[in-house]
Amino acid sequence: MQIAKLCRHHVVTIRPFEEIVDAARLMREQHVGYLVVVEPALGDGGLRPVGVLTDRDIVVKVLARNEDPRALRVGDVMTRDPVVATATDALVDVLPTMRRIGVRRIPVVGSLGELAGVLSLDEVVDTLAGELSDVAGSIRAGQRTEEVLRP
């Protein structure tokens with residue numbers, strides 16, 4: 001299954017020059033703990049991911065170090081050059097990468113490197129749970145059919 005079918009296409013983004021307090025406010029307003037940090041892509045007018053910022057980054061890199069959040073920009077705290085997946089990648093190929101680097105979310109880019117979405121383990125689990133439910137339903141339906149045909 002291609003991850004383009006699984007990923008969330010509405011992505012909350014922020015620019016590297018924004019203040020950390022603005023990033024935290026955006027996370028609260030959008031009910032997310034993950035922002036893709038973007039800059040304009042050359043030529044196509046889209047946005048390309050240059051980093052990611054999590055609520056955990058803000059806690060560990062700013063608050064726990066007693067840094068002044070008003071003095072820091074997103075670019076000071078973000079994880080630069082994030083590992084990305086392409087929209088045409090197969091889920092079976094992306095999951096080992098996510099496990100290897102220890103992330104729950106990964107930006108998804110199109111063929112020109114433009115931001116196309118975010119793949120989250122939440123969507124993966126939800127999709128797999130639905131597929132397992134379909135499998136279980138098929139088994140139950142087969143059992144009912146067997147009971148009717150061979151009482």
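These legends go with close-up views of a predicted model.

**View 1. Strand 2 sits between two partners.**
Start with strand 2, which covers residues 34-40 and is mostly covered, with 5 of its 7 residues buried. Strand 1 (residues 13-14) runs parallel to strand 2, and 2 bridges join them. Look for Ile-14 in this view: its bridge partner in strand 2 is Val-37. To get from strand 1 to strand 2, the chain passes through helix 1 (residues 20-30), and this β-α-β crossover is right-handed. Strand 3 (residues 47-54) runs antiparallel to strand 2, with 7 bridges joining the two.

**View 2**
Now follow the chain out of strand 2 and into the turn. Strand 2 and strand 3 make a hairpin, and 6 residues lie between them. Keep an eye on Gly-43 in that turn, as its phi is positive, at about 90°.

The structure holds 5 salt bridges, and one of them joins Arg-8 to Glu-123, with the closest N and O atoms 2.5 Å apart. Arg-8 belongs to the segment before strand 1, while Glu-123 belongs to helix 5 (residues 121-149), so this pair ties together parts that are 115 residues apart in sequence.

**View 2. Glu-19 and Arg-73 connect two loops.**
Here is another salt bridge, this one between Glu-19 and Arg-73, whose closest N and O atoms are 3.5 Å apart. Glu-19 is in the loop between strand 1 and helix 1, and Arg-73 is in the loop between helix 2 and helix 3 (74-77), so parts 54 residues apart in sequence are tied together by this pair. Glu-19 is partly exposed, with 22% relative accessible area. Arg-73 counts as partly exposed too, at 37%.

Zoom in on helix 1, where Asp-22 and Arg-25 are 3 residues apart, about one turn of the helix. Their side chains meet in a salt bridge, 2.7 Å from N to O. What makes that spacing handy to know is a general rule: an α-helix has 3.6 residues a turn, so residues three or four places apart point the same way. Asp-22 is partly exposed, with a relative accessible area of 27%, and Arg-25 counts as partly exposed at 40%.

**View 3. Helix 4 has a buried face.**
In helix 4 (residues 91-101), the buried residues are Leu-91, Val-94 and Met-98. Seen down the helix axis, they fall within an arc of 65°, so they line one face of helix 4. On the other side of helix 4 you'll find exposed residues: Val-92, Asp-93, Arg-99 and Arg-100.

**View 4. Val-59, Val-60 and Leu-63 make a nonpolar patch on the surface.**
Together, Val-59, Val-60 and Leu-63 have about 240 Å² of accessible area. Leu-63 lies in helix 2, which covers residues 55-63. Is Leu-63 buried or exposed? Leu-63 counts as exposed because its relative accessibility is 51%, and the cut-off for exposed is over 50%.

Notes. Residues are numbered from 1 along each chain as its sequence is written. This is a predicted model: local features need pLDDT of at least 70, side-chain atom pairs count only at pLDDT 80 or more; totals for chains, interfaces and linings use all residues. Side-chain values use heavy atoms; hydrogens and water are left out. Patches are made of residues with over 30% relative accessible area and no salt bridge: like charges are joined within 9 Å, nonpolar side chains (Val, Leu, Ile, Met, Phe, Trp, Tyr) within 5 Å. Accessible areas come from the Shrake-Rupley method with a 1.4 Å probe; for residues, only the protein chains shown count as cover. A salt bridge is a side-chain nitrogen of Lys or Arg within 4 Å of a carboxyl oxygen of Asp or Glu. Helices (H or I, at least four residues) and strands (E, at least two) are DSSP runs, numbered from the N terminus. Buried means under 20% relative accessible area, exposed over 50%, partly exposed in between (1.4 Å probe, protein chains only). Two strands pair if DSSP finds at least two bridges between them. A crossover is right-handed if, with the strands pointing away from the viewer, the path from the first strand over the helix to the second runs clockwise. The arc is that of the directions from the helix axis to the C-beta atoms.
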